[in-house]
Amino acid sequence: MARRGGGGCCPSMDLMRSEAMQLVQVIIPAESAHLTVSYLGDLGLLQFKDLNAEKSPFQRTYAAQIKRCSEMARKLRFFKEQMSKADISASPTQLNETHLEFDDLEIKLGELEAELTEVNANNEKLQRTYNELLEYNTVLQKAGEFFYSAQRSAAAQQREIEANQSGQTSLESPLLEQEMSTDPSKQVKLGSLSGLVPKEKAMAFERILFRATRGNIFLRQEPIDEPVTDPVSGEKVAKNAFVIFYSGERAKAKILKICDAFNANRYPFPEDVNKQLHAVQEVSGRISELKATIDMGLAHRDSILKSIASDFEQWNHLAKREKAIYHTLNMLSVDVTKKCLVAEGWSPVFASIQIQDALQRATIDSKSQVGSIFQVLNTKESPPTYFQTNKFTSSFQEIVDAYGVAKYQEANPGVFTIVTFPFLFAVMFGDWGHGICLLLATLYLIIREKKLASQKLDDIMEMMFGGRYVILMMSLFSIYTGLIYNEFFSVPFELFGKSAYACRDPSCRDSTTDGLVKVRGTYPFGVDPVWHGSRSELPFLNSLKMKMSILLGVAQMNLGIVMSYFNAKFFRNSLNVWYQFIPQLIFLNSLFGYLSLLIIVKWCTGSKADLYHVMIYMFLSPTDDLGENQLFSGQKTVQLVLLLLALVSVPWMLIPKPILLKKQHERRHQGHQYAMLQGADESVGAELGEHHDESHDHEEFEFSEVFVHQLIHTIEFVLGAVSNTASYLRLWALSLAHSELSTVFYEKVLMLTWRMNSIPVFIAGVIVFIFATIGVLLVMETLSAFLHALRLHWVEFQNKFYEGDGYKFAPFSFVLIREEED
């Protein structure tokens, strides 16, 4: 079992330290292995280790069963596709324990797939024949119109010839006409082809035909009014009906090849009128018969799919459950006797009794003669990290995990993130009007939580829904800081009493800068509303928010350093306490802790000292008199002492720790420097030596590497103390930007249109104000403040104590598998 740190210096919270974990071994009889893994999957508190990592997936014991599960999953996907095509949805039934066995389900799915495939194949054949008959019917109608019009024109021309013919041919009569009229036996017999060609290919079709036959054809085309369903593709296509007259078999062969190349469907057309009428009647009758047959086939298919839909979710769940079980069984080691399986994995310490109960139930239910053996193994491997979270704390924990998963049982920043993250966001976003808008949007997500959780949401909505409780805390803190800033869409209100200032006389009523005197006590909560709109508003809020940002930043960085102390005490690392925590705390507070103290003293005393001057000359001229910048007696001496402490703390961090680490390493290996005798058992050497993870051999300990690492860490902290403090000034910058943007939208959009005394203009101004507020202040500014708060936690706060190089506890759980699928 992994050694647990001994310090009890942290608060007793579920989230402060990850759960105590243990490496366990379970020996399972082969006849109860399947049921045992199934019960452990229902429990979801055991992370199995892969004991067959050197084997490929095809060499493992249960590869055949996994192949069967994959085949069942393929059949279920086929059913789902068919149901979606038929617009049939699976019944959202409760996933109770099914009584259908795995083998029975496999047989049933095979039978249903074969039946459905046969029905689909028959329907496709019938539908193709039906579409061909529809095209044939269209060709009969269009070609009949061609022939009817041609016969009428031919009859009229014949009558004209007979009327003009006087028994003798004139010199102007055509020679062919004379020959045809005198000898009908020499007339040329023409063949014909009719069909449909896609409209987009009609022009190219005509050109190719003309060139291939050298113009020895007659082509007649006419577009069809409505698109027809193509028998091959089954899609609606705009087509032209055509009739081609040709002479000779060679021309016919060329025309047939061209029709095939252009996907032109050909249909026979009888020249006899009686045969045409008979064909039309026959085709119409077959169309009606096929339509009825197809409808019956579709009804039969829908009945099959509806019977599948009623049990689809249950079957799908069973198939995925079985695949997960066999995949886990493949991670187990088979005993040499092949009568039992050996499993190893991580579990929380508190889950030992539950796991043993599940093993006992599996033994009884499988009627096994031998029970499973559960034992805890001693190991020095690093265990996984497991936090028990709920729907409120999980989103805050994910913010921390996005940076890095906590090392096993190190202090978790997620505990503080629940409060500090929304608070720092609210410092930048402070407006209680905007906070109420965020609160209403979040309450909608929380009230409809169950309904939205069961729906498929888009990416943005899913992200907002997943972080609904983070947004809830952000909105509540924004209302709080908005009340402190006294801003409601940039408008101040006297919510907590009258302003402390009033006009000296009536002449100053319209003034915002002169003639104001303090007539009552200080405004009880937040910023006095009289500051808003005054000429000194911006300098006052600038100074207030900038100093507040420094105070908050120094406080949070000190919290991070204090947490490094708790980590060191928990893991019993005294070197980190004396040579990391203490010098870091001294360095940070000698400079920026002192600056925070000066800010508070200046606020309390009302002094006009220039703090920029004090801090700059604290380094440049520490022995010079402070003059009017002195805030308290003995300040010069205090500054000299603090400067000296800051200078001493740098080598304090740098030099002692590498030297002491080297001494510890030498002392640890002092009794193990003798050479091993040849032929000695290797296990003896392993027992004498320390574990590789915690201590290295002499030749593996490089003092230069340790010293360089400590040098980098020291430089990073010293420079980071300055840069991180400056980084917290983003709180001031974004808060000021949000306030000024809100003021601009209110005064330059809403109030400007109001003063125009025009209702349409004012309505337009209200619409612009609403869209600007939502788009800029409630969306863009929210995202901006969120990202900046994220940066302050990940970099400025967590780098003081958080290593984040652990890995998550990933137990075998059917609930987690189902959530990942959803």
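How far apart are arginine 74 and glutamate 71 in helix H2? Here are some friendly notes on the salt bridges.

1. They are three residues apart, so arginine 74 and glutamate 71 are separated by about one helical turn. Their side chains meet in a salt bridge with an N to O distance of 2.5 Å. Helices here are DSSP runs of H or I with at least four residues, and strands are E runs of at least two, numbered from the N terminus.

2. A word on the source: this is a predicted model, in which local features need pLDDT of at least 70 and side-chain atom pairs count only at pLDDT 80 or more, while totals for chains, interfaces and linings use all residues. Residues are numbered from 1 along each chain as its sequence is written, and side-chain values use heavy atoms, with hydrogens and water left out.

3. Searching the whole structure gives 20 salt bridges (a side-chain nitrogen of Lys or Arg within 4 Å of a carboxyl oxygen of Asp or Glu). Arg68, Asp103 and Glu106 are linked in a network of such bridges.

4. Arginine 60 pairs with aspartate 50 in a salt bridge, with 3.1 Å between the closest N and O atoms. Both lie in the loop between strand S2 (47-48) and helix H2 (63-85), so the pair ties together parts that are 10 residues apart in sequence. Arginine 60 is buried at 15% relative accessible area, whereas aspartate 50 is partly exposed at 34% (buried is under 20%, exposed over 50%, partly exposed in between, with a 1.4 Å probe and protein chains only).

5. In helix H7 (residues 273-329), lysine 291 and aspartate 295 are four residues apart. Their salt bridge has its closest N and O atoms 4.0 Å apart. Lysine 291 is partly exposed at 39%, and aspartate 295 is partly exposed at 38%.
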